[in-house]
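Here's a quick tour of the salt bridges in this model. Keep the 3D view open as you read.

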Amino acid sequence: MRPSWDEYFMDIAHLVKRRSTCLRRNVGAVLVKDKNILATGYNGAPSGITHCEVTGCLREKLGVPSGERHEICRGLHAEQNAIIQAAKHGTSIAGSTLYCTNLPCSICTKMIINAGIDRIVYDDGYPDFLAEEMQKESGIEMVRVSGSVGGQATAAPPGSSSCCGETAMPPISAPPAVEL
């Protein structure tokens, strides 16, 4: 059966993630506008920097949970690499759709919002309350493709994130208020 455009580009994102050098999670991203691929990205160390498969994963060694302490990771996220590739080659991504194998984190979400990306199509969730909150507030259209490669595109129900192939997580509650 012929895939829909969302299925087609999500299948490509799953192919792109095979280039990932991250030891914890392989993620692929594809930026598309008017049914044309603008840029792709996968998660891993910056160009010319030793890959984590050689150096090891500091976050893993320290027992840092998924979705926390991004600043101590050698790698860039797939979404960041796709945005950087577009910028490096002078390609505007305003008004584009991001196809990503995982729901973007809060850092990537801020970049996506400021880059003018209008729509995010994703497969697996990601445990980041702030990202989900900003995605809703920004008005970016969110579409979750159920299942993996060749999945059916459906609107994402609130709190439907799942991580690393696990069953769907309960909605992530807001962090407790901090008194200053």
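## A buried pair

Both Arg-119 and Asp-6 are buried (buried means under 20% relative accessible area, exposed over 50%, partly exposed in between, with a 1.4 Å probe and protein chains only). Arg-119 makes a salt bridge with Asp-6, and their closest N and O atoms sit 2.7 Å apart (a salt bridge is a side-chain nitrogen of Lys or Arg within 4 Å of a carboxyl oxygen of Asp or Glu). This pair links distant parts of the chain: Arg-119 is in strand E4 (residues 119–124) and Asp-6 in helix H1 (residues 5–16), 113 residues apart. Helices (H or I, at least four residues) and strands (E, at least two) are DSSP runs, numbered from the N terminus.

This is a predicted model, where local features need pLDDT of at least 70 and side-chain atom pairs count only at pLDDT 80 or more, while totals for chains, interfaces and linings use all residues. Residues are numbered from 1 along each chain as its sequence is written, and side-chain values use heavy atoms, with hydrogens and water left out.

## The other pairs

Arg-24 forms a salt bridge with Glu-60, with 2.7 Å between the closest N and O atoms. Arg-24 lies in the loop between H1 and strand E1 (28–33) and Glu-60 in helix H3 (residues 58–61), so the pair ties together parts 36 residues apart in sequence. Arg-24 is partly exposed at 30% relative accessibility, and Glu-60 is partly exposed too, at 49%.

Arg-69 pairs up with Glu-71 in a salt bridge, the closest N and O atoms being 2.6 Å apart. Arg-69 is partly exposed at 43%, whereas Glu-71 is exposed at 56%. Salt bridges that share partners also join Asp-6, Arg-119 and Glu-141 into one network.
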